[in-house]
Amino acid sequence: MARGKTAGAKVLAPGLNYIGGEWLPDEDGLVLESRNPADIREPIGSFPNSRLNEVRAAVHAAKQAFKTWRLVPPPQRGALIRRCAQVLRDRKEAMARLMTREMGKPLSEARGDVQEAIDCAEYYAGEGRRWFGETTHSELPDKFAMSVRTPIGVCGMITPWNFPVAIPSWKIFPALLCGNTVVLKPAEDTPACGAAFVKALADAGIPAGVVNLVQGIGEEAGAALVNHPDVALISFTGSSYTGSAIAEACGKSLKRCSLEMGGKNAQIVMDDADLDLALEGALWGAFGTAGQRCTATSRLLLHKKIHKTFVAKLVKAAKALRVGDPLDERNQVGPLVNQAQLDRVSVYMDVARKDGATLRCGGKRATGPGLAHGYFFQPTIFDGVTPEMRIAQEEIFGPVTSVIEIGSLDEAIAVLNGTKYGLSSSIYTRDVNGAFRAIRDIEAGITYVNGPTIGAEVHLPFGGVKNTGNGHREAGRSALDIFSEWKSVYVDYSGKLQKAQIDVQA
Ligand code: UN1
């Protein structure tokens with residue numbers, strides 16, 4: 001086990017950076033405060049607000065560690081990742097509680113978030129014995145050919161607050177399995193979750209320098225990571241705005257860059273659907289995690305024959321959702337993560353009204369006993385939305401869904417496809433032909449049939465088309481393509497110079 005200055009301390013989430021196997025404070029003593037969004041009077045902890053020097057130290061440590069980590073056989077790297085799964089499992093409840101307190105998702109969802117990291121570790125642990133390339137025959141005699149995966153180097157990871165353990169795990173475990181070393185810069189809203197995750201990995205025995213943690217804000221620590229010449233790859237999940245700036249910076253220095261950005265996901269409900277099932281799916285997809293998922297159902301495309309009844313039932317169910325302290329397991333909707341998110345969601349209420357949408361429920365900050373000091377927002381449904389309205393085009397990232405009436409499957413698919421994003425999508429129907437047409441024609445990285453837009457599993461590719469991503473997929477085997485390079489190897493055992501394309505007998 002890597003033994004750092006505070007490695008023996010019984011803390012879940014040290015308020016320090018983790019660099020080269022040591023838990024260290026910020027050089028200048030700068031501090032980032034984390035607070036509970038359900039009650040901002042409650043501090044979660046103080047963390048370093050790192051700048052260039054800390055990032056440089058972390059990248060240096062990762063670069064040094066790469067020299068040895070890349071040589072550890074992949075099955076052994078996998079075995080270490082399996083130990084990470086075990087430590088995460090042991091700490092699941094404690095980490096879930098910390099997550100709920102730090103970013104506000106209900107406890108059951110926070111447990112799911114940690115579980116996703118455990119699943120991810122187990123998946124990539126198994127890949128340690130499946131890090132396959134290809135073997136093939138040369139076009140020339142007495143010559144052998146194969147391709148092998150090789151690591152890339154130091155990977156910089158910039159991760160969001162909405163899945164503060166799961167998303168770092170999607171990036172870090174495949175990167176490690178491929179033989180890379182890592183510098184993680186978690187979101188400034190969830191430094192404790194980032195620290196708890198890295199602490200679990202360190203305690204599981206990931207060697208010093210292989211995973212490093214630098215806390216801080218995007219404009220400082222994040223930018224320093226993106227611009228560091230020794231960082232070979234940036235993996236980012238967050239807004240399209242930031243993603244595009246990162247892609248530009250990476251483009252200039254020819255850094256590899258994998259982006260997972262926004263969504264404007266829609267659930268189609270056809271007139272032949274199981275409406276109760278579709279209703280449950282819509283509620284979960286739109287209001288789970290208070291709508292703060294890139295995969296959230298922010299548009300509902302309802303067939304005109306069921307539109308009225310469906311909306312009536314949905315409004316009733318949304319009004320019945322319990323908004324409140326996410327640590328109280330009776331509550332279903334927690335707070336938004338911070339004041340900026342609350343302001344952003346509130347602004348969209350005015351935008352929607354001005355554009356002519358009809359507010360059916362919610363629309364404002366949630367008030368009531370125990371809510372006064374948190375960023376709670378009522379589950380909100382707009383009806384009478386048209387496809388071009390801003391609430392139907394822009395990612396809101398809150399408990400808000402927009403209902404658009406559609407007259408046919410073709411129209412539904414056209415409306416679904418009519419945004420700049422393409423992450424998740426869903427169709428509820430009993431018509432198998434229609435379902436398969438939707439699977440074929442929907443422009444999205446993920447399509448669910450008779451399931452909501454949320455709930456991706458770690459062994460399948462995760463990501464989206466159009467402005468949602470830049471062509472990569474996280475999770476599953478596809479993540480290995482982000483974090484490794486291919487090398488083609490030719491071994492000529494003929495003992496003579498053989499010229500490809502020239503010495504070949506037609
Ligand atoms: C995200 O929305 O940012 O599919 C990630 C899901 C989760 C991951 C979501 N497994 O909803």
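**Figure 1. Salt bridges across the predicted model.** The structure holds 29 salt bridges, and since this is a predicted model, take the distances in these legends as computed ones. One of these bridges joins Arg89 to Glu122, with the closest N and O atoms 2.1 Å apart. Arg89 sits in helix α2 (residues 74–90) and Glu122 in helix α4 (residues 107–127), so this pair ties together parts that are 33 residues apart in sequence. Arg89 is partly exposed, at a relative accessible area of 34%, and Glu122 is partly exposed too, at 38%. Look also for Glu93, Arg97, Arg111 and Glu329, which are linked in a network of salt bridges.

Figure 2. As a reminder, side chains of opposite charge can pair when their charged atoms come close.

**Figure 3. Arg437 and Asp410, a link between helices α14 and α13.** The side chains of Arg437 and Asp410 form a salt bridge, 2.5 Å from N to O. Arg437 belongs to helix α14 and Asp410 to helix α13, so the pair ties together parts 27 residues apart in sequence. Arg437 is partly exposed, with a relative accessible area of 34%, while Asp410 counts as exposed at 52%.

**Figure 4. The two faces of helix α14.** Within this helix (residues 432–441), the buried residues are Gly434, Ala435 and Ala438. Looking down the axis of α14, you'd find these buried residues within an arc of 100 degrees, so they line one face of the helix. What covers the buried residues? Among the elements doing so are α13 (409–417), β17 (424–428) and β18 (446–449). Turned away from the buried side is a face that carries the exposed residues Val432, Asn433, Phe436 and Arg440. At the start of α14, have a look at Asp431: one of its side-chain oxygens comes to within 3.0 Å of the backbone nitrogen of Asn433.

**Figure 5. His373 in its loop.** His373 is found in the loop between β14 (358–361) and β15 (380–383). Is His373 buried, partly exposed or exposed? With 35% relative accessibility, His373 counts as partly exposed. Leaving aside residues up to four places away in sequence, His373 touches Pro37, Ala38, Asp39, Ile40 and Arg41. With Arg41 there is also a polar contact, side chain to side chain, at 3.4 Å. For a sense of scale, the C-alpha atoms of His373 and Gly469 are separated by 36 Å, with the two residues 96 apart along the chain.

**Figure 6. Stepping back to the whole chain.** The chain has 15 helices and 19 strands. Its C-alpha trace spans about 80 × 65 × 40 Å along the principal axes. For 506 residues, a compact globule would have a radius of gyration near 23 Å, and the 24 Å of this chain agrees with that. Buried residues make up 57% of the 506. Of the contacts with a separation of 6 or more, 73% are between residues 24 or more positions apart.

Key: Residues numbered from 1 in each chain as written. Predicted model: local features only at pLDDT ≥ 70, side-chain atom pairs only at ≥ 80, totals over all residues. Heavy atoms only, no water. Buried < 20%, exposed > 50% of the residue type's maximum accessible area, 1.4 Å probe, protein only. Helix = DSSP H or I, 4+ residues; strand = E, 2+ residues; numbered from the N terminus. Arc of directions from axis to C-beta. Contact = heavy atoms within 4.5 Å. Polar contact = N/O pair within 3.5 Å; in protein donor to acceptor, adjacent residues only side chain to side chain. Rg over C-alpha atoms; globule rule 2.2 N^0.38 Å. Salt bridge = Lys/Arg side-chain N within 4 Å of Asp/Glu carboxyl O.
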